[in-house]
Amino acid sequence: MATAELSAEALLTTQEISQGQVVWKRFRKHKLALVGTGVLIFLFLFSFLGPSFSPYDPDAQFLGEPFGPLTRAFPFGTDELGRDVLTRMMWAGRISLVLSLFVTFNTVLIGIVIGSISGYFGGWIDTFFMRTVDLLLTLPTLPLLLILSAMSLRGGLPLESPEILNQFFGWIWGMSPQNAGNVMILVAILILLGWMGLARLVRGQVLSLRGMEFADAARALGAPSWRIIIRHMIPNSLAPIIVAATFNFGEIIVLEAALSFLGFGVQPPSSSWGSMLNNVRDYMLIQPWRAFVPGMAIFLASISYNFVGDALRDALDPRLKL
Amino acid sequence: MTTFLIRRVLQGLLVLFFSSIIVFLLLYLAPGGPLSEIILQKRQSARYPVRQEDIDRLKKQYDLDLPMWQSYTRWAFGLPNLTDREPRYGVIRGDYGESWRISEHEQTMKVILRALPNTLKLTISSVLLSLLIGVPVGIYSAVHQYSKLDYTVTTATFFGTAMPVFWLGTMLILLFAFKFKEWGLPYLPPGSVSAVRDYTVPMLGLIKANSLTDQLLRLILPTITLSLLFMAGWSRYTRSSMLEVLRQDYVRTARAKGLHERFVISRHALRNALIPLVTIVTLQLPFIFGGAVITETIFNWHGMGLVFIDSLFQSDWPVAMTYILILSALTVASNLFADVLYTIIDPRIRVS
């Protein structure tokens with residue numbers, strides 16, 4: 001026995017590498033994605049740790065200094081109410097980044113549940129869900145988002161997020177639960193209109209996996225449907241889901257910014273990068289850098305997610321060699 | 001083909017029926033409108049009291065007093081015809097309801113369609129510009145794969161797709177409209193479809209308000225802003241589709257016959273590579289006729305998108321709903337159109 005083991009070990013000439021290492025090795029090749037990862041880490045640190053290094057309160061008004069110039073005390077100047085722009089950028093970043101994370105997490109969750117059920121069971125369940133997806137995709141996204149947020153702003157939508165979520169996000173965003181609740185309505189609308197693409201993707205994956213031998217094997221062993229879905233279908237379709245989710249982050253950041261820019265997104269006193277850009281529209285002709293600062297943050301976040309998504313698509317593709 | 005067409009048209013109509021229900025539900029739930037101010041006045045103003053009868057009369061005028069389903073059938077089909085109020089013809093017979101605020105008592109469709117020429121001017125010119133630049137660039141970077149230019153283009157398309165339109169537009173206005181004016185360079189007007197009064201631009205001289213030059217100058221910035229996204233997407237698409245075609249046997253055969261490389265690419269490869277692009281462009285029909293909400297807002301371009309934004313700011317829900325309905329009808333139509341076009345230009349595809 002001992003000799004057999006020894007010889008087997010001796011025969012192993014190549015070193016074993018885990019899947020994570022393989023993915024990382026491929027990911028590393030995409031230089032822009034590495035830069036993007038760095039930028040994203042920076043943006044998150046900036047928004048989450050930044051405020052503890054800032055001497056200012058985001059809502060504190062420094063009287064006599066509205067539209068302050070770029071000074072050492074206020075590196076990005078002060079806004080129309082004399083508040084420090086740099087500090088406000090940090091807190092706005094929390095809203096933009098956390099909002100896109102939460103929206104993407106939920107759209108992915110809904111997409112996985114509906115897509116896998118639809119793909120696995122087929123039949124009338126599939127028809128029902130996929131026709132719903134078709135119908136929702138027929139409706140124009142941006143106008144519908146605008147109309148829903150416009151209505152919710154006028155208090156016309158019977159939507160309310162759970163109190164515990166409001167308190168949690170209010171704590172993260174540094175605002176009252178009530179203000180957080182208003183932002184959460186926007187979140188709900190974004191989730192409501194965002195899950196269709198992912199559901200379609202997951203359904204396609206499950207549809208092709210369902211007929212594979214390992215699924216038949218699991219079925220032959222007597223595994224119930226839910227177990228096959230959770231243990232076999234979903235883990236095997238995770239790679240494209242991760243890629244789609246990464247791109248989704250970037251899209252949601254831009255979408256939220258666009259809504260806020262048009263005046264139907266995050267409302268004062270809260271602000272996101274998009275609404276900060278909207279606020280400076282009237283003043284940017286005098287001081288152009290005002291429009292540059294929040295816009296650059298949105299752009300950097302969006303393009304970084306795009307690069308990371310692109311690299312992940314290559315890194316997670318098992319057909320590609322190292 | 002005929003059965004395919006009939007089935008698809010029926011499916012499309014069904015989809016439109018359901019989306020009209022969704023749109024109507026929103027309309028029904030919508031707050032504001034003509035009633036909210038009246039009700040507010042009733043609550044607040046003692047000097048000009050609003051009587052309950054007035055509110056009821058308004059409610060009746062807008063069919064807001066009926067049960068929801070009846071309100072829907074009257075809005076969509078003009079049925080049932082009630083004796084105590086004015087007849088409605090329904091969306092199905094071209095009666096989309098009346099505007100509440102933007103242009104009171106005018107048909108919403110009329111209000112929106114008035115902005116169609118401006119929208120077409122902007123969207124068609126940007127689609128043409130994107131095709132004119134995006135497609136050749138895509139072809140070039142496919143033919144010269146992994147060259148320096150290919151690498152630059154691929155990176156640039158990333159920037160193009162990730163660039164928030166509203167920020168790009170803002171930056172372009174700042175640079176070309178204001179900084180250029182400051183520097184005494186020939187600047188571009190920052191927005192609006194046409195000028196109100198004459199103005200002079202360095203090197204171009206006096207420009208008459210609403211002249212052709214004026215209108216063309218004003219078209220430049222919004223067109224560039226709008227084109228960038230399409231350009232990025234379409235060049236990337238052309239590149240990948242061209243790469244796929246170039247790998248095929250018949251291209252190798254053409255080369256083996258000794259044909260000139262330029263001829264192989266332009267006559268053999270390109271024609272097949274462009275097939276998927278035709279569909280992609282066709283799917284942009286809703287945008288071409290529906291306008292671009294964000295770009296039109298930034299440049300104060302009086303197109304359909306701006307009418308829509310106006311209607312939202314003024315709580316003119318019927319106009320907003322009609323806009324959404326138009327867009328979904330266009331989406332259904334363009335999907336169908338793309339499918340049909342695909343089977344016509346690509347003989348390999350058969351309708352099943």
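Predicted model: local features only at pLDDT ≥ 70, side-chain atom pairs only at ≥ 80, totals over all residues.
Local features here need pLDDT of at least 70 and side-chain atom pairs pLDDT 80 or more, while totals for chains, interfaces and linings use all residues. Residues count from 1 along each chain as its sequence is written, and chains are lettered from A in the order written.

**View 1. Helix α6 (residues 123–138) of chain A meets helix α1 (residues 2–29) of chain B.** Their axes (lines fitted to C-alpha atoms over the stretch in contact, with angles from 0 to 180 degrees between N-to-C directions) come within 10 Å and cross at roughly 70 degrees. That makes α6(A) roughly perpendicular to α1(B) (65 to 115 degrees; under 35 is roughly parallel, over 145 roughly antiparallel, the rest oblique). Helices are DSSP runs of H or I, at least four residues, numbered from the N terminus.

**View 2. A look at the residues joining α6(A) and α1(B).** Asp134(A), Leu135(A) and Thr138(A) touch Val15(B), Phe18(B) and Ser19(B) (contact: C-beta atoms, placed from the backbone, within 7 Å).

**View 3. Within chain A, helix α13 (residues 238–262) packs against helix α15 (residues 289–315).** Here the axes come within 8 Å and cross at roughly 165 degrees, so α13(A) and α15(A) are roughly antiparallel. Contact residues include Phe247(A), Gly250(A) and Ile253(A) of α13(A), plus Tyr305(A), Gly309(A) and Arg313(A) of α15(A). By class, the α13(A)–α15(A) contact has 12 nonpolar, five polar and one charged residues.

Technical notes. Helix = DSSP H or I, 4+ residues; strand = E, 2+ residues; numbered from the N terminus. Contact = placed C-beta atoms within 7 Å. Nonpolar A, V, L, I, M, F, W, Y, C, P; charged D, E, K, R; others polar.
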